[in-house]
Amino acid sequence: MRKCSICDFSSQKKIYTQKFSIIGKKKAFIYDVVICLKCGFVFASNIPSQKNYEKFYKENTKYSFVDAEKEVPQAVKESNEYYYLLTETFLRNNFKRKRRDLRILDAGCGSGYLLSIFKKHGYKRLMGIDPSPSCRILAKKLYGVDVKTFLISEFKDKKKFDLIILSNVLEHIEDLRNNLLYIASFLKEKGFLFISVPDGDNFGKVMREPFLEFSLEHINYFTITSLTNLCKKFGLDKRHYESRKMETFGAYTSNSFWQKNGNKIGQKITYDKSGEEKIRKYIFYSNKKQEKIKKIISTLIQSSEELVIWGVGSLTSRLLANTNLINANIKFFVDSNKAYQGKKIIGYKILSPENLKNTKHTVLIASYVHSVGIRKTLENNLGYKGKIINLN
Ligand SMILES: [Zn+2]
């Protein structure tokens, strides 16, 4: 069992069990979504240890754009340009002296795209850290920005920072208390922390992909109340907060700035009353949407038509574990990500989409975000004449 990572309490209430079928693994990966009975924080419990996750992030290249020739994905562009503008406005309002000279750390920076925007606008003292070594290499090669290979918990530096950025980081971390306490120790007194996380107050407000928010890697589901509880513990005062819809994903992010105030460490927290209600609503609407997908799958099983599934990402890993998709007449899987090709999922081969040429299987597009692009590739590039099924 995982204790509440905000208040350290061990009594919790289970509200959902999430399952995944993972590439190369026989057993399904399972965690429980629970609510802390003391502070109301919603999080994933009974997960693998932090060590397993750390190994995963060191080896995982999903957050670096391995193919350097490839365009930065639209979702990454959209969110990072927004983070930059928000931060720039905030800094302009809070620093009288030249803000271009502020010392800024992006902790969990991927291949340094956000830092590259700061650099383009004249910021000079920039540093990034990321656990994956390929991020350091790419950041140098693509943008000439300084990225060091560190987990947050291993970071070392002699000087402190005026601003530390944690964008899309805290939702991944098992031990929130120690990681936040540690990274905040690198902030100057009265320095600022920028936090961006998926917005638990608005989960499923636009319901595209059911249970998307309970992903393999996301194990903390923050509302602004629970995030405030966490930050208060470490003397971080809220200075600005806004929720924003990211068009590419159709999901909301919670974006906030906090100021370090060493005198206020250990403030009392308040029970998050709305967290449970919001998450239960999200589960209800996700189930409703998943029922529609189950109907499509039932039809495929009944017809026993030969099926190829395009996409082995998080949606597929959830559908395989939570529906009876496995009973369909699956021939193989395809994915355009070369890192997956040649591997296996639930015993089936993952091939390159080229393998669909001259076949007449039914293709199930197991992606919402990329469904239009995949259909185009099938019809235009591969000249595919077989049946194509979308989930939306
Ligand atoms: Zn708690």
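1. A cavity here is a set of grid points where a 1.4 Å probe fits but cannot get out, and its lining residues have an atom within 4 Å of such a point. With that in hand, welcome to this predicted model. Arg208, Glu209, Leu212, Phe249, Tyr368 and Val369 line the second largest cavity, which holds about 30 Å³ of space. By class, that lining has four nonpolar, no polar and two charged residues.

2. The domain assignment gives domain 1 as 12-279 and domain 2 as 304-389, with their C-alpha centres 31 Å apart. Domain 1 brings 14 residues to the contact and domain 2 brings 16.

3. Now for the interface itself. About 1300 Å² is buried between domain 1 and domain 2, and carbon and sulfur atoms give 59% of that area. On the domain 1 side, Ser21, Ile23 and Glu209 supply 46% of the area buried against domain 2, more than any other three residues.

4. The rule finds one salt bridge across the interface of the two domains, and the count of residue pairs in polar contact between them is six. The side of domain 1 that touches domain 2 has seven nonpolar, four polar and three charged residues.

5. Lastly, the structure holds two cavities of 30 Å³ or more.

Note on methods:
Residues are numbered from 1 along each chain as its sequence is written. This is a predicted model: local features need pLDDT of at least 70, side-chain atom pairs count only at pLDDT 80 or more; totals for chains, interfaces and linings use all residues. Side-chain values use heavy atoms; hydrogens and water are left out. Domain bounds come from an automatic or database domain assignment. Contact means heavy atoms within 4.5 Å. Buried area is the accessible area (1.4 Å probe) that two parts lose on being put together, summed over both. A salt bridge is a side-chain nitrogen of Lys or Arg within 4 Å of a carboxyl oxygen of Asp or Glu. A polar contact is a pair of N or O atoms within 3.5 Å; within protein, one must be able to donate a hydrogen and the other to accept it, and residues adjacent in sequence count only if both atoms are side-chain atoms. Ala, Val, Leu, Ile, Met, Phe, Trp, Tyr, Cys and Pro count as nonpolar, Asp, Glu, Lys and Arg as charged, and the others, Gly among them, as polar. On a 1 Å grid over the protein atoms alone, a cavity is a set of points where a 1.4 Å probe fits but cannot get out, and a pocket is an open set with protein on both sides within 12 Å along at least five of seven lines; lining residues have an atom within 4 Å of a point. Grid points are joined across faces, edges and corners, and a volume is the space filled by probe spheres set on the points.
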